Amino acid sequence: DSGGVQEEAPALGKPVLATDVGDAADWVRQCRCGRVAADNRPRTMVDTLLDLLSGDLESMGRNARALAESEFSIARIADDYTALLCQVVQQYNGNES
């Protein structure tokens with residue numbers, strides 16, 4: 001568990017170092033907001049971190065902030081939960097659509 005770091009770093013406009021597991025790796029690649037390590041072995045992580053540090057940190061940070069604003073905002077999360085709750089209520093009432 002990353003303890004929320006992979007959501008907090010973008011919110012602060014910081015590049016992300018992720019492992020190639022789960023959604024974080026996908027959004028890091030798509031948004032070009034950091035680097036993805038192939039696995040979590042120490043050598044792999046160090047090599048990936050060095051690659052990250054040799055990159056355009058400012059650009060990755062801007063991309064990370066844009067990701068946070070679009071995907072992790074309170075408004076976005078509230079909209080997602082509202083949509084989910086509406087689906088649950090519809091299914092409960094037998095009105096699947």
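**Strands, helices and a pocket**

Mentor: Start with the strands: E1 and E2, the latter covering residues 34–37, pair in the parallel sense over four bridges. Keep in mind that this is a predicted model.

Trainee: Which residue in E2 is the bridge partner of alanine 18?
Mentor: Valine 36 is the bridge partner of alanine 18. Valine 16 also has a residue opposite in E2, namely glycine 34.

Trainee: Which residues of E1 are on its covered face, and which on the uncovered one?
Mentor: E1 spans residues 16–19. Val16 and Ala18 form the covered face, while Leu17 and Thr19 form the uncovered one.

Trainee: And how does the chain cross from E1 to E2?
Mentor: The chain goes through H2 on the way, and the β-α-β crossover is right-handed.

Trainee: Stepping back, how many helices and strands does the protein have?
Mentor: There are five helices and two strands. Read from the N terminus, the order of the elements is α-β-α-β-α-α-α.

Trainee: How much of the protein is buried?
Mentor: Of the 97 residues, 22% are buried.

Trainee: Which residues are buried in H2?
Mentor: Ala24, Ala25, Trp27 and Val28 are buried there. For the spacing, remember that an α-helix has 3.6 residues a turn, so residues three or four places apart point the same way.

Trainee: What happens just after H2?
Mentor: Arginine 32 takes a positive phi of about 50° there, although this residue is not a glycine. Arginine 32 sits in the loop between H2 and E2.

Trainee: Is arginine 32 buried or exposed?
Mentor: Exposed: the relative accessible area of arginine 32 is 63%, and the cut-off for exposed is over 50%.

Trainee: New topic. What is the volume of the largest pocket?
Mentor: The volume of the largest pocket is about 160 Å³.

Trainee: Which residues line the largest pocket?
Mentor: The lining consists of Trp27, Cys31, Leu67, Glu71, Phe72, Arg76, Ile77, Asp80 and Tyr81. By type, six of the lining residues are nonpolar, none are polar and three are charged. Trp27, one of the lining residues, is also among the buried residues of H2.

Trainee: Which helices supply at least two residues of that lining?
Mentor: H2 (22–31), H4 (57–71) and H5 each do. H5 gives the most, with four residues.

Trainee: How far does H5 reach from its first C-alpha to its last?
Mentor: H5, residues 74–92, reaches 27 Å with its 19 residues. That is close to the 27 Å expected at 1.5 Å a residue.

Trainee: Which residue takes a positive phi just after H5?
Mentor: Glycine 94 does, with a phi of about 80°.

Technical notes: Residues are numbered from 1 along each chain as its sequence is written. This is a predicted model: local features need pLDDT of at least 70, side-chain atom pairs count only at pLDDT 80 or more; totals for chains, interfaces and linings use all residues. Side-chain values use heavy atoms; hydrogens and water are left out. The expected span of a helix is 1.5 Å times one less than its number of residues. On a 1 Å grid over the protein atoms alone, a cavity is a set of points where a 1.4 Å probe fits but cannot get out, and a pocket is an open set with protein on both sides within 12 Å along at least five of seven lines; lining residues have an atom within 4 Å of a point. Grid points are joined across faces, edges and corners, and a volume is the space filled by probe spheres set on the points. Ala, Val, Leu, Ile, Met, Phe, Trp, Tyr, Cys and Pro count as nonpolar, Asp, Glu, Lys and Arg as charged, and the others, Gly among them, as polar. Buried means under 20% relative accessible area, exposed over 50%, partly exposed in between (1.4 Å probe, protein chains only). Two strands pair if DSSP finds at least two bridges between them. A crossover is right-handed if, with the strands pointing away from the viewer, the path from the first strand over the helix to the second runs clockwise.
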